[in-house]
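Open the model in your viewer and keep the selection tool at hand. Each stop below tells you what to select and what is there.

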Amino acid sequence: MQLRFEIRPILFGLYVLIVAFGSVACSSPGETSTTTGNPTNMTPASSSPASSPSTTTGDKSGMSHGGMMTSSPDAASAPYDLQFIDTMSVHHRSAIDMAKSAEAKAQHAELKAFAKKIVDDQEKEIAQMKSWRDGWYGGKSQALNLELPGMHSMKGMDMGGLNAATGADFDLMFLSMMTQHHQGAVTMSKDALIKAEHADVKQLARRISDAQQQEIAQMNRWRAAWGGGK
């Protein structure tokens with residue numbers, strides 16, 4: 001009788017081991033991974049950079065990428081000052097894109113500083129024009145008019161070539177393109193001096209014309225000194 005009671009605990013222990021081993025052997029890898037897998041697999045898809053909201057602001061009308069621009073519908077029938085504000089703002093944004101490229105790539109330190117000034121000045125002017133637009137023409141549709149005098153300066157701008165250029169070639173190409181761009185802004189500003197209704201717009205147009213004519217003269221001097229001619 002004593003032997004019988006000693007055997008029973010041994011058999012019970014063996015039974016427990018067999019059941020435990022079978023449970024482990026039958027569990028699937030997928031069930032195990034739910035508790036011990038890589039925690040990164042639990043990251044929601046929405047946290048991926050690709051699904052984050054765009055930070056791009058402002059309508060550049062494709063100018064910074066060399067895209068085909070078109071005037072806004074019925075732009076020519078909008079008040080002249082609204083046409084000037086919307087069109088000069090787009091024109092300024094393309095200059096800012098070019099200038100930021102020069103800040104990063106220009107070989108001459110003075111050209112980098114010049115480019116930074118263009119960015120600073122024209123961003124302030126865009127902000128001023130936006131303030132006027134909100135106050136005078138709130139809710140009005142965009143009035144970008146490519147037929148305004150001076151907008152021809154955007155035609156033939158080789159942004160791809162500028163982005164590909166390096167060293168001295170980049171500096172000379174930037175000076176040539178920005179000179180052409182500035183000439184367009186001067187032409188548009190002189191038109192506004194005649195046609196604008198608001199005194200504030202006329203004053204801005206005069207500042208743009210005066211400042212950019214001075215910058216054109218400086219760029220011509222650099223082109224001559226750096227081998228680009230006039």
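Start by selecting Asp-74. Asp-74 sits in the loop between helix 2 (29-36) and helix 3. Helices here are DSSP runs of H or I with at least four residues, strands are runs of E with at least two, and both are numbered from the N terminus. The model is a predicted one: local features need pLDDT of at least 70, side-chain atom pairs count only at pLDDT 80 or more, and totals for chains, interfaces and linings use all residues. Residues are numbered from 1 along each chain as its sequence is written, and side-chain values use heavy atoms, with hydrogens and water left out.

Is Asp-74 buried or exposed? Its relative accessibility is 65%, so Asp-74 counts as exposed. The cut-offs are these: buried is under 20% relative accessible area, exposed is over 50%, and partly exposed is in between, with a 1.4 Å probe and protein chains only. Look at the backbone too. Asp-74 is not a glycine, and its phi is positive, near 60°. Most residues other than glycine have a negative phi.

Now zoom out. The protein has 7 helices and 0 strands. From the N terminus on, the elements run α-α-α-α-α-α-α. Of the 230 residues, 36% are buried. Contact means heavy atoms within 4.5 Å. Among contacts between residues at least 6 apart in sequence, 78% join residues at least 24 apart.

**Helix 3**

Select residues 80-105, which are helix 3. Helix 3 has 26 residues and spans 37 Å from its first C-alpha to its last, close to the expected 38 Å. The expected span is 1.5 Å times one less than the number of residues. Colour by accessibility: 21 of the 26 residues of helix 3 are buried.

Stay in helix 3 and pick Ser-101. Ser-101 is buried, with a relative accessible area of 11%. What does Ser-101 contact, leaving aside its neighbours within four places in sequence? Ala-106, Asn-163 and Phe-170 are in contact with Ser-101.

**Helix 4**

Next, select helix 4, residues 109-137. Helix 4 has 29 residues and reaches 41 Å from first C-alpha to last, close to the 42 Å expected. Its buried residues include Leu-111, Ile-118, Val-119, Met-129 and Tyr-137. After helix 4 comes Gly-139, with a positive phi near 85°.

Pick Gln-122, also in helix 4. At 4% relative accessibility, Gln-122 counts as buried. Neighbours within four places in sequence aside, Gln-122 is in contact with His-92, Ala-95, Ile-96, His-182 and Gln-212.

**Helix 7 and its partners**

Show helix 4 and helix 7 together. Their axes come within 12 Å and cross at roughly 165°. Axes are lines fitted to C-alpha atoms, for helices over the stretch in contact, and angles run from 0 to 180 degrees between N-to-C directions. Helix 4 and helix 7 are therefore roughly antiparallel, a term for angles over 145 degrees. Helix 4 passes helix 7 in a left-handed crossing: the near helix is turned anticlockwise from the far one by less than a right angle. Residues making the contact include Phe-114, Gln-122 and Trp-132 of helix 4, and Leu-204, Gln-212 and Trp-222 of helix 7.

Helix 6 and helix 7 pack at about 155°, with their axes 8 Å apart. They are therefore roughly antiparallel to each other. Helix 6 also passes helix 7 in a left-handed crossing.

**The aromatic rings**

Last stop: show the rings. Rings of Phe, Tyr and Trp (its six-membered ring) pair if their centres lie within 6.5 Å; planes under 30 degrees apart count as stacked, over 60 as edge-to-face and the rest as tilted. The count comes to 5 aromatic pairs. The rings of Trp-132 and Trp-136 have centres 5.5 Å apart and planes at 5°, so this pair is stacked. Both lie in helix 4, 4 residues apart, about one turn of the helix. Trp-132 is buried at 11% relative accessible area, while Trp-136 is partly exposed at 30%.

Then select Trp-222 and Trp-226. Their rings form a stacked pair, 5.4 Å centre to centre with 5° between the planes. Trp-222 is buried, at 13%.

Technical notes
Parallel < 35°, antiparallel > 145°, perpendicular 65-115°, else oblique.
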